Amino acid sequence: MKTKSRRLGKNTKNDLITYGIVIAAFVVAEVMQATGSMSSLLRGLLVPLCMYSILAVSLNLTVGVLGELSLGHAGFMCIGAYASSIFSVCTRETITEVWIRFPLAILVGGIFAAIFGFLIGIPVLRLKGDYLAIVTLAFGEIIKNILGSVYVGYDANGVYVSLESESSLAMGADGTLLINGPLGLSDVPLDANFIIATVLLLLTLFVVLNFMNSRSGRAVMSIRDNRIAAESVGINITKYKLIAFTLSAFFAGIAGVLYSHNLGYLAAKSSNFGYNQSIMILVFVVLGGIGKMRGSVIAACILTALPELLRELNDYRMLIYAIALIIMMIATASPKANAFWEAHSLKKFISAKKENKPAKEVQ
Amino acid sequence: MKKSMKKILAVVLALTVVLACFAACGKNDGGETDNVIKIGSIGPLTGDNAVYGTAVRNGAELAVKEINAAGGINGMQIEFKMEDDVCDAEKSVNAYNNLIDWGMDILVGTVTTGACLAVAKKTAADNIFQLTPSASGDDVVSSDNCFQVCFTNSNQGSASADYIADNALAKKVAVIYDSSSDYSAGIYNSFKAEAAVKGLEIVAAEAFTADSKTDFTSQLSKAKNAGAELVFLPIYAAEAASILKQANDMGFKTQFFGCDGLDGMLDIDGFDGKLAEGTMLLTPFAKNASDDTTKKFVAAYEAAGYADDELNQFAADAYDAIYIIKAAAEKAGVTKEMSASEICDALKGAMTQISVDGVTGSAMSWKATGEVNKGPKAVKIVNGAYSAME
Amino acid sequence: MLSLCLGCRKLTFISNLISGISLGGIYAVIALGYTMVYGIAKMLNFAHGDVIMVGSYVVFMLTTKAGVNPYLALVISMVACTLLGMTIERFAYKPLRGASPLAVLITAIGVSYFLQNAAMHLFGTQAKNFTSIINFEPISLAGGQIVISDETVVTIAVSVVIMIALTLFVNKTKPGRAMLAVSEDRGAAQLMGINVNGTIALTFAIGSALAAVAGVLLCSTYPLLSSTTGAMPGIKAFVAAVLGGIGSIPGAMIGGLVIGVIEILGRSYISSQMADAIVFAVLIVVLLVKPTGILGKKYVEKV
């Protein structure tokens, strides 16, 4: 029992460090903004950094905690973005207070994404490994494909939906176009700001980290580590997998809300909601460390900022970025590099100096 | 343990990022005292649509060089900088913020509509004058600081339908368009509305998407089986070249008709120009046109050493955009002492008063809404060259 | 549409089916490369589609700029792609042998970005129009109502030949059997004296040479050639490989054909905007019925 309580203590401490880093970064950013020493580029990146961090943490819940590879995360983000943006556009006249409308929009986006996460999760989670990965990719592409070409409008008689063109909606004269096909929604209220984004990131971290330490979270991790053993001790596999997957979709939806309410413009393209985006989020997760939420946040921030900071290189920017990605991956994940880092680790260096004890057993 | 090394790596990388950010802050302090006006631009320089952004950069740079050599705007030299947005709205806003850090006075951009809608919100908030060379979405110019060089999509779609109906080119029309592109879908929507008014029958309206733009045989065979007398292609040249080749392979011979996107098709590397014979397009700019302004522009472009297959209406629009800025700035008497916001207010007023003769139209003038008044030219490809039609 | 007679409709259906098989044949050749690399190296090589693009550019540049004979250009392109594939394997994937498969996946994506951007710098931003290297008379059936293009005939023939050759190679030759052994159990294969690294490199070499062939077939039929030409066909072929049962050579062939036919028929008869969504929907349905693909091996989990 003693060992257990100590382990929990360590977890809590670790989690507190994570919150601390986010809050410290927030305070630094606020001070920089207040003193006017922050560049416009960085100021514009603040909300996207939080958004990508939320995406990375939520995907890490599926990849790291649940142990399933999902390549359709951007699809849930897309659903969250569309649902919340439609809500915000429709209620702009009726709910004029932003502080009521935006939290509601966040809820709408998150819940819609969660519903789809649940519905998609039921069939998908029966599959394994790469088969599961490719089916999530397929769902993500279908979502992007449909939302990227649908026309939706409404008038006094109801709501009209068409996949073909604006005129085939055949609305009355009082009709309002909500989603204009590939042009999407061109006027989403700019409700998102850095404070809300930071709060949402902290909330995401709080829920995910506590979930990992909860009974359900441990059940999920036991499924990841050994499905058959977990099943044999009576854990309801489907239920726990679905809980984790739905939670992951919920937060991806919230990130989508931030996306559209930060840009003020929303259209589903390959560049923002396609499989490339899902893979980018996966890169954050893998580079930050599978199952490590703090790593996800840091990796998301670095990899989102990196292409912007490389702008001086002009046309060679993406080329250098690609090389940086390969080198970072090899430097953090290859067995040789791991051995090198182990041999030169700072911790080992310190502990060897301080206690002069033999190095700890390598796991 | 593995963790510790990752921690170190993460800290090192994070520090690099923070330092780089500070470095970026420090840079924008100087440079204000020089006698320059800074014009920024944003467009895709990498990724799938890089050709459009690159063309805009070429055209704008060419105009900047010419103007600077001739003494600049009101004695001020132009400094031009173009940032990449990979055709993505979010990256475009980042690029915009970067240009603000650089000290941009005027924005010539963005190149594509989606990105432009997002950036237009920022320029409206910051009161930065914005003139887009090529973003043709109708909503782009909804704020009063934003103007267009190109036609709006709805303008092009209805003009095409009018032209086809008025010249009795066909009664039964098929359309093949890119449903994932705002440009293409925008033109199609207005074409369809106007076609109904003019009594054209759209016998087949077939779409493709950016993800499936290789195979067009099913769209073409539907058009063929529906008995289309004319196929309307409100798309870009590269896809159109592919469509013409596949139509030829399946023995489908018909009249093809397009908008400004088709310009540049004859210069696509490897494209057999014979396939385009007889194709008509409604465009403000045709590279092979024989008028003096176009010839002079094309000669200057080629002399500057830019890639020939990147010379299309985007380059021409951007070239004109810089000259339009010059005309408006001279009209408004813009000086180096003015802030970007003051320049914006001055240019807003001047835009509706100027008339510019450019490569993409003569006597171009602007409404206060931001739309341009100019007439498209109808051209037909005859013997591998464009010839003007009435 | 209503005015069409039933016979015409049947003919249209047949010509659509032929286009579908042609597209499917191309997917199949790409999928063969995917599936071999997956089976042996146990990694999703997302850069495979971009090797296709490089192969097409090599042929295009050689034939239009240097006037090389198209068939010679194809051979040179195969050699170039083989070298490229082996270089990628050596510098980007080999250091990660033994690391998590996800890490290799990310590196493959990095390689994919790199190839796309490098190609844009080398060959320009404007798309090219690939000149078909296959030039003989198209076959005309039913009085010219059905035209089977020369590219279609060659594509189908080439994909069948490649599939048979690969099957024979894997099952009958020594290096082929070494591949099977490595894919079955890498550790045991090494203990039996098989050069695992060499076998994996050979797999990449064959996969990349196939990519060059696939690139030429793809661009001969669909001439749009840009730096992202390989990306979407690559993903579709990956879908095809999974659909057929990843790791299985005939599976890749069947998967490719199924995807190609569904894509064309879906576009012709259901909705042209939703063609991709239809392909992906079919994939989902098939995998839910048969979770390891059409010809996938069923594995028994040991406790």
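## Close-up views of a predicted model

View 1. The model is a predicted one, in which local features need pLDDT of at least 70, side-chain atom pairs count only at pLDDT 80 or more, and totals for chains, interfaces and linings use all residues. Residues are numbered from 1 along each chain as its sequence is written, while chains are lettered from A and ligands numbered from 1 in the order in which they are written. Strand β11 (residues 356–358) of chain B and strand β12 (residues 361–366) of chain B run antiparallel and are joined by 2 bridges; strands pair if DSSP finds at least two bridges between them. Strands here are DSSP runs of E with at least two residues, helices are runs of H or I with at least four, and both are numbered from the N terminus. A hairpin with 2 residues links β11(B) to β12(B).

**View 2. β12(B) also pairs with strand β13 (residues 372–373) of chain B, in the antiparallel sense and over 2 bridges.** Look for B:S365, which stands opposite B:N373 in β13(B). This hairpin has 5 residues between its strands, and B:G370 takes a positive phi near 110 degrees in it.

**View 3. Strand β6 (residues 172–178) of chain B runs parallel to β7(B), with 7 bridges between them.** One place to start is B:Y177, which stands opposite B:A207 in β7(B). β7(B) is mostly covered, with 6 of its 8 residues buried. A residue is called buried if 20 or more other C-beta atoms lie within 10 Å of its own, exposed if 12 or fewer, and partly exposed in between, with C-beta atoms placed from the backbone.

**View 4. Here we zoom in on B:V173 and its surroundings.** Contact is a C-beta matter: two residues are in contact if these atoms, placed from the backbone, lie within 7 Å. In the largest nonpolar core, which has 356 residues, B:V173 joins A:A56, A:L258 and C:L32 in touching the most other members. Helix α2 (residues 40–65) of chain A gives the largest share of this core, 17 residues. Domain 1 (36–151 + 294–375) and domain 2 (154–283) of chain B each contribute at least three residues to this core. A nonpolar core is a set of buried Ala, Val, Leu, Ile, Met, Phe, Trp, Tyr and Cys residues joined through C-beta atoms within 7 Å.

**View 5. Domain 1 and domain 2 of chain B have C-alpha centres 29 Å apart.** The domain bounds come from an automatic or database domain assignment. Across the boundary, 12 residues of domain 1 of chain B are in contact with 15 residues of domain 2 of chain B. The side of domain 1 that touches domain 2 divides into 2 nonpolar, 6 polar and 4 charged residues. For these classes, Ala, Val, Leu, Ile, Met, Phe, Trp, Tyr, Cys and Pro count as nonpolar, Asp, Glu, Lys and Arg as charged, and the others, Gly among them, as polar.

**View 6. Chain A meets chain B through 48 residues of chain A in contact with 49 residues of chain B.** α2(A) brings the largest share of the chain A side, 7 residues. By class, that side has 18 nonpolar, 20 polar and 10 charged residues.

**View 7. Where chain B touches chain C, 37 residues of chain B are in contact with 35 residues of chain C.** Elements that each supply at least two residues of the chain B side include α2 (50–69) and β7 (201–208) of chain B. By class, this side has 11 nonpolar, 14 polar and 12 charged residues.

View 8. Most residues other than glycine have a negative phi, and most peptide bonds are trans. The peptide bond from B:G109 to B:T110 is cis, with omega near 0 degrees, and B:T110 lies in the loop between β3 (106–109) and α4 (113–126) of chain B. B:N127, in the loop between α4 and β4 (129–132) of chain B, has a positive phi near 55 degrees. B:N127 counts as partly exposed because it has 17 C-beta neighbours inside 10 Å. C:K42, in the loop between α1 (6–41) and α2 (48–65) of chain C, has a positive phi of about 55 degrees although it is not a glycine. C:K42 has 15 C-beta neighbours inside 10 Å, so it counts as partly exposed.

Conventions. Lists of a residue's contacts leave out its neighbours within four places in sequence.
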